[in-house]
Amino acid sequence: MADIDAVAAELYGLRPEEFTAARDAHAAAARKAGRRAEAKDIAALHKPTLAVWAANRLARADADKAGRLLELGEGLREAHRTLSGEELRKLSHQQHVVIAAMAGEARRLAGEAGLDLSAVVQREVEQILRSVLADPEAAGAWVRGVLAKAPPPAVGFADVAPEPGATPRPPMAEAEREREPGPEREAEPKREPKPKRERESKPKADAREAERTRRRAELAEEVLARAETERAQARTGLEALDEEIGLLEARLERAREERERLAAAAEAADRRHREAVREAKAARAAARKAGDR
């Protein structure tokens with residue numbers, strides 16, 4: 001297995017167009033050496049898409065940054081587990097900022113390798129990074145730079161179950177206000193003891209209400225996370241398109257300048273051609289006159 005891991009580490013560090021030939025060469029060498037099982041495993045390695053290759057290159061270029069992204073994912077998982085709405089909002093915002101920045105870095109690294117990531121591919125890199133946060137197995141492959149294919153898109157942490165008895169935490173300021181006495185808070189009137197049957201059913205009602213509140217909080221956080229993701233994607237896509245437009249406008253300007261240069265050269269060539277035609281006619285006429293004489 002160590003040999004296969006080393007081969008995978010080498011292959012997934014290559015440019016996508018170099019992958020297949022190198023993989024087949026390694027598989028052929030393993031078969032020739034009699035390592036048929038290893039050859040079969042190597043031949044089964046998937047050629048990465050451009051987005052997967054860019055994500056792998058990103059992890060290989062900065063292992064510390066890749067590790068910090070996974071730590072952020074652990075924080076999000078813990079916030080989902082404890083239903084900490086305030087922590088979820090803070091970490092979700094941090095997640096979108098970090099992933100957008102890392103996708104931009106992936107585009108820069110790809111450019112250094114001679115490959116250009118379009119706005120669509122850059123968004124695919126962002127989706128891969130989001131999916132990695134929710135998929136521990138994919139995270140392990142990505143952080144080593146050997147992710148073979150993009151994991152399924154993920155929104156939130158569906159596999160993380162809340163801790164038993166966990167309820168959504170109110171913001172700290174509100175919780176403190178509820179505990180602090182104040183002149184504006186009037187003493188609650190004393191309530192008459194409820195009948196025994198009603199007292200016995202209250203815990204069940206409270207449990208049902210707590211469960212409904214928990215589900216509402218989960219749904220609200222998922223909707224918020226999805227909205228922030230869509231907003232981050234839209235902004236990143238817009239910035240990438242603006243950059244592409246700028247590059248295209250610069251190319252168009254260069255093309256116009258080149259056209260003007262070629263048009264001037266063509267006009268000068270036309271003039272020289274007309275002069276050459278006139279000189280040739282005059283020379284032929286002179287030759288005919290000399291022959292007549």
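Trainee: Leaving aside its neighbours within four places in sequence, which residues is Leu-69 in contact with?
Mentor: Good place to start, and keep in mind that this is a predicted model. Leu-69 belongs to the largest nonpolar core, where it is listed with the residues that touch the most other members. Setting aside neighbours within four places in sequence, the contacts of Leu-69 are Val-98, Ile-99, Met-102, Leu-129, Leu-133 and Trp-142.

Trainee: Which elements give two or more residues to this core?
Mentor: The core has 44 residues, among them Leu-45, Val-125, Ile-128 and Leu-147. In soluble globular proteins, nonpolar side chains tend to be buried together. Here the elements giving two or more residues are α1, α2, α3, α4, α5, α6, α7 and α8.

Trainee: Where do the buried residues of α2 sit around its axis?
Mentor: The buried residues in α2 are Pro-16, Phe-19, Ala-22, Arg-23, Ala-27 and Ala-30. Because they cover an arc of only 140° around the axis, they lie on the same side of α2. An α-helix has 3.6 residues a turn, so residues three or four places apart point the same way. For α2, then, the place you asked about is the same side, within an arc of 140°.

Trainee: Which exposed residues does the face of α2 turned away from its buried side carry?
Mentor: Exposed here calls for over 50% relative accessible area. On the face of α2 turned away from the buried side, the exposed residues are Ala-21 and Lys-32.

Trainee: Is α2 roughly parallel or antiparallel to α3?
Mentor: Two packed helices are described by the angle between their axes and the distance between the axes. The axes of α2 and α3 come within 7 Å and cross at roughly 170°. Angles over 145 degrees count as roughly antiparallel, so α2 and α3 are roughly antiparallel.

Trainee: Which residues make that contact between α2 and α3?
Mentor: From α2 come Arg-23, His-26, Ala-27, Ala-30 and Arg-31. Of these, Arg-23, Ala-27 and Ala-30 are also buried. On the α3 side, the contact is made by Glu-38, Ala-39, Ile-42 and Ala-43.

Trainee: Does Asn-56 count as buried or exposed?
Mentor: Asn-56 lies in helix α4. Leaving aside neighbours within four places in sequence, Asn-56 is in contact with Tyr-12, Trp-142, Gly-145, Val-146 and Leu-147. Its relative accessibility is 0%, and the limit is under 20%, so Asn-56 counts as buried.

How values were computed: Residues are numbered from 1 along each chain as its sequence is written. This is a predicted model: local features need pLDDT of at least 70, side-chain atom pairs count only at pLDDT 80 or more; totals for chains, interfaces and linings use all residues. Side-chain values use heavy atoms; hydrogens and water are left out. Buried means under 20% relative accessible area, exposed over 50%, partly exposed in between (1.4 Å probe, protein chains only). Helices (H or I, at least four residues) and strands (E, at least two) are DSSP runs, numbered from the N terminus. The arc is that of the directions from the helix axis to the C-beta atoms. A nonpolar core is a set of buried Ala, Val, Leu, Ile, Met, Phe, Trp, Tyr and Cys residues joined through side-chain atoms within 4.5 Å. Contact means heavy atoms within 4.5 Å. Axes are lines fitted to C-alpha atoms, for helices over the stretch in contact, and angles run from 0 to 180 degrees between N-to-C directions. Angles under 35 degrees count as roughly parallel, over 145 as roughly antiparallel, 65 to 115 as roughly perpendicular and the rest as oblique.
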